[in-house]
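Here are my notes on this model, as numbered points.

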Amino acid sequence: MACSATTRIIHNPLAISSSRSAEKSDFSCKILSPSSFWGSASLGKKLLSVNKAISPISRRSATVVAVSDVVKEKKLKSSSSVSNLLITKEEGLVLYEDMVLGRAFEDMCAQMYYRGKMFGFVHLYNGQEAVSTGFIKLLKKEDCVVSTYRDHVHALSKGVPARQVMSELFGKTTGCCRGQGGSMHMFSKEHNVLGGFAFIGEGIPVATGAAFTSKYKREVLKEDCDEVTLAFFGDGTCNNGQFFECLNMAALWKLPIVFVVENNLWAIGMSHLRATSDPEIWKKGPAFGMPGVHVDGMDVLKVREVAIEAVGRARRGEGPTLVECETYRFRGHSLADPDELRDPAEKAHYATRDPITALKKYILENKLASEAELKAIEKKIDEVVEDSVEFADKSPVPARSQLLENVFADPRGFGIGPDGKYRCEDPKFTEGTAQV
Amino acid sequence: MWLCSPLIHSYSSTSLSSRHRPNRHNPPPSPPPHPLTPPPRSSFSVKVACLIDLSSNLEVHCIERKTSFFFIHCDGSLTSGLNLRNSRSARLSTNAVATKQDNVTASTASKPGVTNVDETPPSKPIGNILEALREGLEEEMERDPRVCVMGEDVGHYGGSYKVTKGLATKYGDLRVLDTPIAENSFTGMAIGAAMTGLRPIVEGMNMGFLLLAFNQISNNCGMLHYTSGGQFKIPIVIRGPGGVGRQLGAEHSQRLESYFQSIPGIQMVACSTPYNAKGLMKAAIRSDNPVILFEHVLLYNLKERIPDEEYVLNLEEAEMVRPGEHVTILTYSRMRYHVMQAAKTLVNKGYDPEVIDIRSLKPFDLYTIGNSVKKTHRVVIVEECMRTGGIGASLTASINENFHDYLDAPIVCLSSQDVPTPYAGTLEEWTVVQPAQIVAAVEQLCR
């Protein structure tokens, strides 16, 4: 584990607005020493020397250091003592359980989809669990999470019960959005999951707004508020205007937000390298005046380290951070994607870096828990997921009366009908048969 | 060019929840008495002249005598001894003024929720739409600390049309937020803020700029309450000036109401007088629904008396501007003034048009409109939208669907030409509906 040489965040020395011109140039060239920062440095060097697109494997090979290698290295140096570890036993088990839940749930989704229990677009998160778990498990209940269409696991990590998420996927009325949202629109007011957005980039301004509310509450309403918002999105979104506009506004007003890029290298069939002029997304943070960090997103402990720092920054009011997590999705873009474009060698390579296997290895080798305890967790999660499917199966489908509810918060918005009464007072309205 | 516009308003200063509708537990009378049945002449005496001078940015000077009812009336008749800017009054052509008895009417006694002020003349301020909007905004910001404004140049600059002038000094830079030029993102930011508890008002510097925010307005503003299963509400107000101005060019002269009308989950209102501007602004801010408030660039300097008392109008109701018998003219925003000018001519020619300012562009107030259709059996719609897919098109379809039996003739819809608004003044004039066309259409219809 890269624990002693922890990931360093590139701090922007220009946190306070001052003349930038001279400093900016040497800031962007600053690259940390390779040993302290897995991924970015050698990656940067390698990319600078290459003009053409390389297959992701060779590009990444220089930077890949499997967790197992680091653990070996560490063992050679010193005997591992508990004080050197990044996590306690409880934390380790929480992280493990959350990642296993994410994986098991998504696998069950695939099964259910192919059995015809859910339809439409379903985007699975297999392989990226480290990012969700690493970040969201640090949050309080009041903190907000905004995601994209690949949002099942973000909702689960934030605390939305698996039953509600599965029901929502089945389109039942007991789902977290009453069956009206679906796979791509997971919302929870109780757990502050602000969606679930189908168009990429759409959620980033919403996250910026939630962060704005936090700042507003603190400075205008004088409430004691240190809520943080996390915005998750992918590499494809980083070429979208809304991303850049929000980086600007968040840095400008020092909003308590962390922009988490889940760079899995592929936007459906478009390779990140083919779509982006400068594929190093973390560099775009300093361009707007916020720190940009690159982290190995297949390693939950590294992600957690970075997250602690980034969320801490936001909570202290120091402003936003851009975190690029290098990760990979084991399945296709969605369940309808044949996933033909990706090189099987690349997939195999990343399969060796499975975050769950890595954490399990870490826990066992550092004697944080026994094999039996981990197995017990896996069994428990299996039961939770089975139960959620059962619950969803048994739940009722939405009745017709639900059709016209929730279109407006104030249903008078449907207007006044020819008879002088508000449309929403018409009994057919509550039955769902009125034509509005 | 002068526009004499007799405006007869009846306003019920009701809260959002009350309205003068038949009690739903009793069968409604058919058809209900016209809300503006003229009372006996002696019970009120209100005459106001409103003059609109288009050559000087539509400054309107209104004179009003005291009234025993909570109404503001404008009609063409001038009475002496009142505050008049002499230069303006001298130019008023009295023979275009409607002096017939049955024109000046406003009934109030039977309206619930109307505040009756006493006989002594209240010294009510004259304000224009700008000031009315600002007052409405300020009152709501004072009332609820979660109300905030976001937009380009709303803070230090005071708003491109000065609607938010002075608010940033009073409430601070965070409550009146100057945003960078990123409509899609700051509209989305306002939506995120609305979801988490604030009540933002987004100003589009020109309504046309909100085309850049269409993604957020359609997907998030309109749909989020539904897709979240009712968990998050979006109490946002999106406002800004639109419409055809004075040679502003095609892109600054857009009418977005036709583009937004299909979005489910939003309400659209258009204000046309200082009175309804303030009332609708307050109603929109207090509403839990996302509301788009359309203002018009040329109407900002329109002056009128604004009541001192706090009042909030109903977002879903239309406004009876001038009751009549022969034909129903439905209009909104700036075209109201063209219609009223045409109405003057029509009255002199012996017609009796009923003019309704529909105000609520989505949803339509089918009650007021329906009652009118049932009375007159003829409808003319006058709007500034393009012909194709405009508000008029939807309104035509709606009236045909609901009141087909009551129509004696097909609905006539006068809209702007399907042309990008040209810069040249003469061409611009011909793209928009002019009073002469309205007069001709009514004459044709009522033959």
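1. Start with the interface. In this predicted model, chain A and chain B bury about 4,700 Å² between them. Carbon and sulfur atoms account for 63% of that area.

2. Three residues of chain A lose the most area to chain B: A:Phe212, A:Tyr216 and A:Ile416. Together they make up 13% of what that side buries.

3. Each chain puts 56 residues into the contact. On the side of chain A that touches chain B, 27 residues are nonpolar, 15 are polar and 14 are charged.

4. Polar contacts do occur, with 19 residue pairs found across the interface, both residues at pLDDT 80 or more.

5. Which elements of chain A supply at least two residues each to the side that touches chain B? They are strand E2 (187–188), strand E3 (193–194), helix H9 (203–219) and helix H10 (241–253). H9(A) gives the most, with 11 residues.

6. On annotation, an unreviewed UniProt entry lists residues 98–398 of chain A as "domain: Dehydrogenase E1 component". That span is 46% helix and 12% strand. Its end C-alpha atoms lie 30 Å apart.

Terms used: Residues numbered from 1 in each chain as written. Chains lettered and ligands numbered in written order. Predicted model: local features only at pLDDT ≥ 70, side-chain atom pairs only at ≥ 80, totals over all residues. Heavy atoms only, no water. UniProt positions renumbered as here; feature names shortened; annotations may be inferred. Helix = DSSP H or I, 4+ residues; strand = E, 2+ residues; numbered from the N terminus. Contact = heavy atoms within 4.5 Å. Buried area = accessible area lost by both parts, 1.4 Å probe. Polar contact = N/O pair within 3.5 Å; in protein donor to acceptor, adjacent residues only side chain to side chain. Nonpolar A, V, L, I, M, F, W, Y, C, P; charged D, E, K, R; others polar.
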